[in-house]
Amino acid sequence: MLKHVAALAIALGSCLGAGAQTYPTKPITLVVPFAPGGTVNLMGRILATRMSELLGQTVIVDNKAGAGGSIGAAFVAKAPADGYTLVFATQGQQSIQPLLSKKLPYDALKDFAPIALFSTVPNVLAVSPDTPAKTVAELVQYAKANPGKLNMASAGIGSVNHLTGELFMLRTGVNFTHTPYRGAGPATADLLAGQAQLMFANLPNVLPYVQSGRVRVLAIASDKRNAAMPDVPTLAEAGVKDATVESWYGVMAPARTDPKIIKKLQETVLAIANEKPMAAHLADLGARPFPGTSEDMARLSNEETRRWSEVIKHANVQMN
C-alpha cells in the first residue's frame with residue numbers, strides 16, 4: 001500500500017512539474033485594479049501586449065476598479081494559484097491599503113507571490129488652465145489665502161496621487177478639498193473640465209494634455225527633472241522638501257503559485273523591462289523601466305509601508 005502511495009505521489013509531482021514547464025497553455029488574465037484611462041491601466045496594457053508576444057499566449061487585461069485597487073487585488077488573491085490570473089500591482093495595493101482599511105479583503109503579505117517590478121513614473125502637480133497660480137509658490141500663497149477653495153482630484157481615497165497631495169499639504173501647511181474619483185481617468189476628466197483645480201497625477205496620465213496646453217504642470221515630485229518636460233522644476237527646486245513620490249508597477253500572482261511558474265513570469269517581465277525599445281517607449285510617455293526581482297518588490301513594499309504610515313496618520317485618512 002505504501003509503495004502505491006509513494007508511486008502516486010511521484011507521478012503527481014511529475015505532472016505538476018511538467019505543467020509548470022509547459023506553462024502557459026492558455027490565455028492569462030492580468031487584472032488591473034483601476035479604471036481604464038489612468039496610468040496603471042496604460043502601463044498594464046503595455047506590459048500585457050509584450051508578454052503575449054514573448055509567452056506565446058494572449059495576456060488579457062481585465063479592469064476591476066474600486067476601493068483604491070483593493071477590489072481587483074482581492075479578486076486575484078482568491079483566484080486559483082495556477083499562474084493564469086495575475087494582478088498588475090502598485091504600492092497602493094501592497095503598502096497603502098493595508099494601512100487604511102481594517103476590513104481589507106486580502107492579506108498583502110500572505111495572499112500574493114511577488115513576481116517582478118516593471119516600471120515607475122513620477123507624480124506631478126498638475127493644475128487646470130484657469131487656476132490662477134503659475135508656480136508652486138503662488139499656489140501655496142493662494143491656498144493659504146483661500147483655505148479649502150481649491151479642489152484636489154484623485155484616483156480614490158488612499159490612491160498614490162491622493163496621498164501625494166496629503167504629503168504636499170503636510171510639507172507646506174496648505175489645505176485642499178480632496179475629491180476622490182473611481183480612477184485617474186475620471187479624475188483627469190474633471191481636471192480638464194475645471195471642476196477640479198489641481199491633481200497630483202502620474203505624468204503619463206496628463207502628459208498629452210500638457211503638450212496640448214489643456215493642463216499646466218507646476219512641479220514634478222521626483223528627485224530630478226523629467227526629459228519629457230525639462231523646464232518643469234522638481235518640488236524640491238520649487239521649495240517643497242521631502243516630497244518625492246514615484247509610482248511603481250509590477251506583477252504578482254496568488255500565493256502558493258508554483259515557483260517554476262513564478263520564475264518564468266519573472267524572467268519574462270524583467271526581459272521586457274530591460275529591452276531598449278521598451279525603455280524608449282516608456283520615456284516618450286514620461287515613464288521609465290524599473291526592473292526588479294520578487295525580492296526587490298517585497299522589500300520596496302515594506303519600505304513604502306513605513307513611509308506612508310506617517311502621512312496617513314497625520315492626515316487621518318480612513319476608508320472604513
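Predicted model: local features only at pLDDT ≥ 70, side-chain atom pairs only at ≥ 80, totals over all residues.
## Overall fold and dimensions

The chain contains 11 helices and 10 strands. Its C-alpha trace extends over about 85 × 40 × 30 Å along the principal axes.

The radius of gyration is 21 Å; a compact globule of 320 residues would have a value near 20 Å, so the chain agrees with that expectation.

Rolling a probe the size of a water molecule over the atoms shows where empty space is left. In this model there is 1 cavity of 30 Å³ or more, and the largest cavity holds about 160 Å³ of space.

Which residues lie nearest the centre of the largest cavity? They are Phe 34, Val 40, Ala 155, Asn 161 and Asn 202, out of 15 that form the lining. At least two lining residues come from each of α2 (39–55), α4 (91–100), α6 (160–172) and β9 (246–254). Sorted by class, the lining consists of 6 nonpolar and 9 polar residues, with no charged residues.

## Packing of α2 against α9

Two packed helices are described by the angle between their axes and the distance between the axes. Besides supplying residues to the cavity lining, α2 packs with helix α9 (residues 259–273): the two axes come within 10 Å and cross at roughly 120 degrees. The crossing is right-handed.

On the α2 side, the contact is made by Leu 47, Arg 50, Met 51, Leu 54 and Leu 55. Helix α9 contributes Lys 264, Leu 265, Thr 268, Val 269 and Ile 272. The contact comprises 7 nonpolar residues, 1 polar residue and 2 charged residues.

## Backbone features in loops

Most residues other than glycine have a negative phi, and most peptide bonds are trans.

The peptide bond between Tyr 23 and Pro 24 is cis, with omega about 0 degrees. Pro 24 sits in the loop that links α1 (2–22) to β1 (28–32).

Asp 242, a residue other than glycine, has a positive phi near 55 degrees. Asp 242 belongs to the loop between β8 (216–220) and β9; strand β9 is also one of the elements that supply at least two residues to the lining of the largest cavity.

Key:
Residues numbered from 1 in each chain as written. Heavy atoms only, no water. 1 Å grid on protein atoms, 1.4 Å probe; cavity = no way out; pocket = protein on both sides within 12 Å on 5 of 7 lines; lining within 4 Å. Points joined across faces, edges and corners; volume = space filled by probe spheres on them. Helix = DSSP H or I, 4+ residues; strand = E, 2+ residues; numbered from the N terminus. Nonpolar A, V, L, I, M, F, W, Y, C, P; charged D, E, K, R; others polar. Axes fitted to C-alpha atoms, helices over the stretch in contact; angles between N-to-C directions. Left-handed = near helix turned anticlockwise from the far one by under 90°. Contact = heavy atoms within 4.5 Å. Rg over C-alpha atoms; globule rule 2.2 N^0.38 Å.
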